[in-house]
Amino acid sequence: MADLDGNKIEKNYYTEKAFATNGNFHVKGAANLDWGMKKHLTNIFNPRTGNTVMFAFDHGYFMGSVSGLERLDLLLPRLVDHVDVLMATRGALRSCVKPNFRKGIALRVSSGSSMLNDDLSHEVVAVDIEDSIRMNADALAVQVFIGARGQLSSIDNLSKVINAASRYSIPTLGVVAVGKDMERTDQYFKLATRIVAEMGVNIVKTYYCDKFEEVVAACPVPIVVAGGKKLPEKEALEMAYRAMQGGARGLDMGRNIFQSVHAAQMADAIGKIVHRKFTAAEAWEYYCEATKTK
Ligand code: 5RP
């Protein structure tokens, strides 16, 4: 094709260069947003470090009572002091989190499929903007299924939530979903995270992968990394460290915290990597020390 002659096809992510349009605000891509948005984002990202530890326990919206989350009422009091944000459904928050909880809330607003379905990629927007405001949410979380059968409806869900949330200066968190048959490659995550960011989300949640720093560089809003399936604690801390080294602005971790025998100490060790620049080895040593007598 003649019109492709001379087109540049190789990509350059300039990973060594800092994001150029941040002004003096601590959240990537948010310098031009209004006061309300910045206030919510500051409830999520610590202004001292620019980072966050989010505890994800929204799994029940499609998995029911997952191992480790059977009794939210008993688990949450042990964890809330060790994390910056709770990511959950409105049902879990209203029933099991005291309203005097003073940290961030990422409210899961998309829902609709369960593990009994072959295809989880068809969701709906289950929580409307009025109830999100009543919950005082700092971000609305929507699952996005790029490349899956439900891609179009999930993009529709995301657009509706961004349009509604923007009217009230509430940030949106796009959760890049990876089905069991999908590849966890940097090519896939570059595609999916960038599409979700261009849709207008303020935070992207995705998985760690090879060349993660390129995924981060090409995404104009902060990336928080999901924990994924339970790993031995040492490996989970190593993954968290690599993600932060690669430019993630935090972890949004579930099973690797709540399925650990020492969930609070695990959350605490993650926090040392995220906010205190601990290496993986230092965090592991900290975790071992903290759990010695437990
Ligand atoms: C579900 C989610 C979960 O919040 C996410 O998977 C985080 O949990 P984990 O660290 O256990 O993967 O977004 O779609």
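Residues are numbered from 1 along each chain as its sequence is written. In this predicted model, local features require pLDDT of at least 70 and side-chain atom pairs count only at pLDDT 80 or more, whereas totals for chains, interfaces and linings use all residues, and side-chain values use heavy atoms, with hydrogens and water left out.

A salt bridge is defined as a side-chain nitrogen of Lys or Arg within 4 Å of a carboxyl oxygen of Asp or Glu. Under this criterion, 14 salt bridges are counted.

Lys190 takes part in a salt bridge with Asp186, with an N to O distance of 2.7 Å. The two residues lie four positions apart in helix α7 (residues 186-199), so that about one helical turn separates Asp186 from Lys190. Helices are DSSP runs (H or I, at least four residues), numbered from the N terminus. Asp186 is buried, at 12% relative accessibility, and Lys190 is likewise buried, at 14%; the classes are buried under 20% relative accessible area, exposed over 50% and partly exposed in between (1.4 Å probe, protein chains only).

Lys190 also forms a salt bridge with Glu214, for which the closest N and O atoms are 2.7 Å apart. This pair links distant parts of the chain, as Glu214 belongs to helix α8 (residues 212-217) and Lys190 to helix α7, at a separation of 24 residues.

A further salt bridge joins the side chains of Glu289 and Lys292 at 3.2 Å, N to O. Glu289 and Lys292 are both exposed.
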